[in-house]
Amino acid sequence: VGRNYEEHAKEMGVTPDKAEPFYFTKYAGAITPSGAKIAYPPGTRDYHYEMELVVAIGAPAFEVKEENALDAVYGYACGLDMTRRDLQLTAREKSRPWDLGKDFEESAIISEIVPASKIGHPAKGAITLSVNGSLKQSADLSQMINNTSEIIAHLSRFYHLDAGDLIYTGTPAGVGAVAPGDEITGRIDGVGEISLTIR
Ligand code: MN
């Protein structure tokens, strides 16, 4: 989900639109487990972290209503939507697809998925990210412009969601660049922690 926190939309120089959330996709091979040491990716000079709540779908969902949407959720995880920001912004300026900026090797980091049967459906709680121990992102899940139910209901108008689908729900303000040697750590209250090292 793009621009799902108002302050992040502002730092990206755009106005969020609650009525019409928007999406991009990453290929399944981009998924990388928390704790990995990954290479600085090719083709960028502005490689960014984005800390996000991840929703793991566990059952079919098509044209579901908001009030039933959470029935399709298996669980939740911490995610990093790693982004080649320079390539994304160039594409945005030229009204081209975002794939080069978003959909590339080792760009979708994920922690262990914890079942909703154990932790419920987190709608509030701190979401934070630090680089080398310095706090960069700090917000609350309740600040999401579209919440988990709204996202699933909206997406399910366009796709047959099913078990195994992962939805990254957007990042708070405070995104920024990392360099080789940097260590990223993130946390979501009630969900867990995530880490990533850039080689
Ligand atoms: Mn993102």
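**Enclosed space and charged pairs**

Modeller: About 110 Å³ of space lies in the largest cavity of this predicted model.

Biologist: What makes this space a cavity and not a pocket?

Modeller: A cavity is space where a 1.4 Å probe fits but cannot get out, whereas a pocket is open. The structure holds one cavity of 30 Å³ or more.

Biologist: Which residues line the largest cavity, and which of them lie nearest its centre?

Modeller: The lining has 17 residues, and those nearest the centre are Arg 3, His 8, Glu 50, Gln 88 and Lys 102. Helix α3 (residues 85-93) supplies the largest share of this lining, three residues. By class, the lining of the largest cavity consists of seven charged, five polar and five nonpolar residues.

Biologist: Why is Glu 50 called buried?

Modeller: Its relative accessible area is 4%, and buried means under 20%. Glu 50 therefore counts as buried.

Biologist: How do you know that Glu 50 and Arg 85 form a salt bridge?

Modeller: The N to O distance between their side chains is 2.8 Å. A salt bridge requires such a nitrogen and a carboxyl oxygen within 4 Å, so the pair qualifies. Because Glu 50 lies in the loop between β3 (47-49) and β4 (51-57) and Arg 85 in helix α3, the bridge ties together parts that are 35 residues apart in sequence. Arg 85 has 2% relative accessibility and is likewise buried.

Biologist: What makes Lys 102 and Glu 50 a salt bridge?

Modeller: Their side chains meet at 3.2 Å, N to O, and the limit is 4 Å. Lys 102 belongs to helix α4 (residues 99-102) and Glu 50 to the loop between β3 and β4, so this pair connects parts 52 residues apart in sequence. Lys 102 is buried, its relative accessible area being 2%.

Biologist: Why are Arg 187 and Asp 189 called partly exposed?

Modeller: Partly exposed residues fall between the buried limit of 20% and the exposed limit of 50%. Arg 187 has a relative accessible area of 37% and Asp 189 one of 32%, so both belong to that class. Their side chains meet in a salt bridge of 2.4 Å, N to O.

Biologist: With which side chain does that of Asp 182 make a polar contact?

Modeller: The partner is the side chain of Asn 132, at 2.9 Å, and a polar contact needs N or O atoms within 3.5 Å.

Biologist: How much space lies in the largest pocket, and what kinds of residue line it?

Modeller: The largest pocket holds about 600 Å³. Its lining comprises 14 nonpolar, three polar and four charged residues. Of the 21 lining residues, Phe 24, Thr 25, Lys 26, Leu 166 and Ile 167 lie nearest the centre. Strand β11 (residues 166-168) gives the most to this lining, with three residues.

Definitions and conventions. Residues numbered from 1 in each chain as written. Predicted model: local features only at pLDDT ≥ 70, side-chain atom pairs only at ≥ 80, totals over all residues. Heavy atoms only, no water. 1 Å grid on protein atoms, 1.4 Å probe; cavity = no way out; pocket = protein on both sides within 12 Å on 5 of 7 lines; lining within 4 Å. Points joined across faces, edges and corners; volume = space filled by probe spheres on them. Helix = DSSP H or I, 4+ residues; strand = E, 2+ residues; numbered from the N terminus. Nonpolar A, V, L, I, M, F, W, Y, C, P; charged D, E, K, R; others polar. Polar contact = N/O pair within 3.5 Å; in protein donor to acceptor, adjacent residues only side chain to side chain. Buried < 20%, exposed > 50% of the residue type's maximum accessible area, 1.4 Å probe, protein only.
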